[in-house]
Amino acid sequence: MTNRHAWACSAGGDHLYPTAGTVFEDTRTPLQLRFHAIYRFCTSRHGASGRELQRQLGVTDKTAWRMAKHTRILMQSAEAAVLLNGHVEIDESSTGGKRSGGSRGRAAPGKTVSMGQ
């Protein structure tokens, strides 16, 4: 118990564990590394591999693989269908300055894709 991070209540002396009851309850990996791995998954288009996490976070191959697997399971179990209910319309448009040659349409140079709901 001496290695677990806990806060003690000043009135009664009860121990409070911040990760108790969460998905990070039994992890020995620092939370900063876990959050960084989740950030990598959310910001890349295709997720992140274990090797990629190993290089970026500086952890062992086994730790990176476990973090990647755990993050994938958590993302899969999240109910994304609850976020979009009912009738949903999404539109896309390319915006930007004057087109100066090059290709037309979606691949036009100098254009930024913007989406609205």
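Biologist: In which part of the chain does T60 lie?

Modeller: Please keep in mind throughout that this is a predicted model. The C-alpha atoms of T60 and G50, which are 10 residues apart along the chain, are separated by 9.6 Å. As for its own place, T60 lies in the loop between α2 and α3.

Biologist: Does T60 count as buried, partly exposed or exposed?

Modeller: Buried would require under 20% relative accessible area and exposed would require over 50%. The relative accessibility of T60 is 49%, and therefore T60 counts as partly exposed.

Biologist: Which element gives the largest share of the largest nonpolar core?

Modeller: The largest nonpolar core has 9 residues, among them A37, F41, L53, V59 and A64. The elements that give two or more residues to this core are α1 (31-43), α2 (50-57) and α3 (61-77). The largest share, 3 residues, comes from α3.

Biologist: With which residues is A64 in contact, leaving aside its neighbours within four places in sequence?

Modeller: A64 is one of the residues of the largest nonpolar core, a set that also includes L53 and V59. Once the neighbours within four places in sequence are left aside, the residues in contact with A64 are G50, L53, Q54 and V59.

Biologist: Is α1 roughly parallel, oblique or roughly perpendicular to α3?

Modeller: The axes of α1 and α3 are 10 Å apart, and the two helices pack at an angle of about 60°. Angles under 35 degrees would count as roughly parallel, and those from 65 to 115 as roughly perpendicular. The angle of about 60° therefore makes α1, relative to α3, oblique.

Biologist: How do the residues of the contact of α1 with α3 divide into nonpolar, polar and charged?

Modeller: On the α1 side the residues are L33, R34, A37, I38 and F41, and they meet M67, A68, H70, T71, R72 and M75 in α3. The crossing of these two helices, α1 and α3, is right-handed. By type, the residues of this contact divide into 7 nonpolar, 2 polar and 2 charged.

Biologist: How far apart in space are I38 and T71, C-alpha to C-alpha?

Modeller: I38 is found in helix α1 and is partly exposed, with a relative accessible area of 25%. Leaving aside its neighbours within four places in sequence, I38 is in contact with F24 and T71. Although I38 and T71 are 33 residues apart in sequence, their C-alpha to C-alpha separation in space is 6.6 Å.

Notes:
Residues numbered from 1 in each chain as written. Predicted model: local features only at pLDDT ≥ 70, side-chain atom pairs only at ≥ 80, totals over all residues. Heavy atoms only, no water. Core = buried A, V, L, I, M, F, W, Y, C linked by side-chain atoms within 4.5 Å. Buried < 20%, exposed > 50% of the residue type's maximum accessible area, 1.4 Å probe, protein only. Helix = DSSP H or I, 4+ residues; strand = E, 2+ residues; numbered from the N terminus. Contact = heavy atoms within 4.5 Å. Axes fitted to C-alpha atoms, helices over the stretch in contact; angles between N-to-C directions. Parallel < 35°, antiparallel > 145°, perpendicular 65-115°, else oblique. Left-handed = near helix turned anticlockwise from the far one by under 90°. Nonpolar A, V, L, I, M, F, W, Y, C, P; charged D, E, K, R; others polar.
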